[in-house]
Amino acid sequence: MSDTLLPPPRLRRPAIAALGVLALALGALQSVVEPALPLLQRELGLGPSEGALVGNTLLVTGAVLTPVAGKLGDRYGGKRVLLRLTAVVAAGGLLAGLAPGLPLLLLGQVLQGAMVGVLPLSFILVRAHLPAGRTQAAVGVVVALFTGGGMAGMLGAGLIAEHLSWHWMFVLPTLVVVAAAFFVARLMPSDAPVRQGERIDWPGVVLLSAALLAFMLGLVLLTGGGLPPLAAGALLVLVAVLATAWVRVERRAVSPMVDLRMLARPAMWQACLLTLLVTVTLGMVTLLLPQLLAVPGDGYGFGADTTEIGLYLLPGAVVGAMSDGVGGVASRRFGARAVVAVAALATAVTMFALAAQHGSAWQLALAKTLTAFAAGIATTALLAGTATAVDQGDTGIATSLLVVTRVIGVVVGAQIAGALLAAGTAAGTDVPAEAAFTTGFAVTGVTAALGLLLVRATRASRSPHPVEPVPAPVKEGTRS
């Protein structure tokens with residue numbers, strides 16, 4: 001009895017450092033494919049569709065597995081599930097590094113997709129072992145390191161592939177993942193599962209995973225232009241049917257995968273909606289700016305090659321990684337809604353200005369920097385706020401839903417921007433008209449402004465965020 005009254009052990013710096021290195025290595029492993037995709041296509045003899053499949057497999061599987069990982073972390077403990085998930089990721093990284101051809105490379109990417117689920121599991125750990133005031137800052141640091149690792153992976157993948165081989169760009173970060181996981185296992189205190197005793201709602205898990213899988217595959221195929229309208233409509237109907245069946249199952253389940261009452265709380269659904277708007281905006285910017293930089297310089301474009309585009313966008317990548325750490329601190333100090341309002345206003349002003357004037361490359365680089373910073377602080381503030389707003393036993397599933405929303409928003413935003421550019425491309429040419437980019441920037445500004453309006457419109461329905469530094473023991477049956 002006395003043991004249950006003891007507060008949970010606090011995280012010490014070595015444990016936090018090990019968790020941070022793990023996030024950094026996972027971010028690097030996640031991002032190595034994108035810059036090296038042309039090389040992989042040449043080395044393995046892949047066509048454009050097969051290359052797109054390699055590039056998107058991790059994205060799809062990550063979106064599907066993340067809610068499952070978050071729920072399992074709530075049920076069995078964050079550390080326990082995190083270590084097992086990291087083992088799956090390490091197996092995928094080594095398999096991809098040793099792959100002689102496409103089948104094993106794809107299988108490796110499928111297994112690596114589990115890495116996205118490590119984020120909500122990390123949030124479970126910091127929520128369990130840190131005071132509430134430090135939890136939000138720690139969430140921001142973890143996200144910042146994951147993002148920073150992604151930037152390091154993108155910058156280092158080409159160098160590793162050129163001087164060693166493309167196999168090593170998977171193997172090297174995987175070895176760091178294994179080492180970091182070893183130190184997490186040794187240094188990180190175990191966390192007692194808050195939802196201990198509850199059964200896993202496997203029908204809910206299967207239905208939600210199937211709905212997310214159908215939805216993400218549809219988005220990826222639409223982005224690649226490989227989905228006829230009839231097939232797109234059928235896939236949309238399938239997603240609706242699966243989502244409806246999932247809701248019905250969750251309403252009847254004794255221990256649902258996702259407590260629908262939690263989703264109905266203003267703090268949760270508003271965070272999901274705002275995250276979606278912010279990341280849709282980010283996805284549009286992410287597609288539009290490189291496309292404009294690559295337009296031949298004899299017209300309105302700049303004729304930048306891949307290296308030059310990377311250099312133009314590098315300040316935005318650096319600032320975006322730094323902003324994740326700022327977002328957690330800002331959420332604690334000012335509140336997530338205030339951070340989102342400022343970020344939405346800054347993004348809207350930036351994109352409307354870019355729609356009016358985009359004749360110099362520095363203007364595009366500056367716009368990327370400002371919007372990346374705004375998106376980083378906004379999404380991380382929402383994530384950190386949600387991590388401390390829900391019951392501790394729902395930390396994993398709540399934050400995993402926001403992580404998935406971030407992925408979906410970026411893909412949707414890129415799809416919208418691509419459709420705008422396609423609509424502005426004359427027949428017989430593959431270069432969009434300048435007006436298409438102007439329209440794209442204006443639509444992005446309007447989307448950002450919608451986030452600002454949503455913050456204002458939902459202010460009256462905001463509910464206080466219950467934050468408890470060290471939750472007192474609760475006897476069975478007394479939790480509301």
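Entry 1, overall. I began with burial and found that buried residues make up 51% of the protein's 480 residues. I note here that the model is predicted. I then looked up the secondary structure, which comes to 17 helices and zero strands. For contacts with a separation of 6 or more, I find that 82% are between residues 24 or more positions apart.

Which residues touch the most other members of the largest nonpolar core? I find Trp166, Met169 and Phe170, in a core of 103 residues. I followed up Phe170 and left aside its neighbours within four places in sequence. Its contacts are then Leu29, Val32, Val33, Gly93, Ala96, Gly97, Leu105, Gln109 and Gln112. As a background remark, nonpolar side chains in soluble globular proteins tend to be buried together.

I looked at helix α4, residues 78-98, against helix α6, residues 118-129. Their axes are 9 Å apart and the packing angle is about 155 degrees. Angles over 145 degrees count as roughly antiparallel, and α4 and α6 are therefore roughly antiparallel to each other. I record the crossing of α4 past α6 as left-handed. On the α4 side the residues that meet α6 are Gly78, Lys79, Val81, Leu82, Leu85 and Thr86. On the α6 side I list Val118, Leu121, Ser122, Ile124 and Leu125.

How do the axes of α12 and α14 cross, and at what angle? The axes come within 12 Å, and the crossing angle is roughly 25 degrees, with α14 spanning residues 336-356. That makes α12 roughly parallel to α14. I also note that α12 passes α14 in a left-handed crossing. From α12, the residues Gln270, Leu274, Thr281, Val285 and Leu289 take part in the meeting with α14. From α14, I have Arg337, Val340, Thr347, Met351 and Leu354.

I next checked α12 against α15 and got axes 10 Å apart, with a packing angle of about 160 degrees. The two helices are therefore roughly antiparallel to each other. Their crossing is left-handed.

Not counting residues up to four places away in sequence, I find Thr279 touching Thr379, Thr405, Arg406, Gly409 and Val410.

Thr379 lies in helix α15, residues 361-389. At 5% relative accessibility, Thr379 is buried, because buried means under 20%. Which backbone oxygen does the side chain of Thr379 reach at 2.8 Å? I find that of Ala375. The backbone oxygen of Gly376 lies 3.4 Å from a polar atom of the side chain of Thr379. With neighbours within four places in sequence left aside, Thr379 is in contact with Val278, Thr279 and Arg406.

I looked up Arg13, which lies in helix α1, residues 13-31. Its relative accessible area is 75%, so Arg13 is exposed. Arg13 and Met188 are 175 residues apart in sequence, and I read 10.0 Å from C-alpha to C-alpha. I then turned to Asp430, in the loop between α16 (395-423) and α17 (434-457). At 69% relative accessibility, Asp430 counts as exposed. From Asp430 to Val295 the C-alpha to C-alpha distance is 9.9 Å, and the two are 135 residues apart in sequence.

Notes:
Residues numbered from 1 in each chain as written. Predicted model: local features only at pLDDT ≥ 70, side-chain atom pairs only at ≥ 80, totals over all residues. Heavy atoms only, no water. Contact = heavy atoms within 4.5 Å. Core = buried A, V, L, I, M, F, W, Y, C linked by side-chain atoms within 4.5 Å. Buried < 20%, exposed > 50% of the residue type's maximum accessible area, 1.4 Å probe, protein only. Axes fitted to C-alpha atoms, helices over the stretch in contact; angles between N-to-C directions. Helix = DSSP H or I, 4+ residues; strand = E, 2+ residues; numbered from the N terminus. Parallel < 35°, antiparallel > 145°, perpendicular 65-115°, else oblique. Left-handed = near helix turned anticlockwise from the far one by under 90°. Polar contact = N/O pair within 3.5 Å; in protein donor to acceptor, adjacent residues only side chain to side chain.
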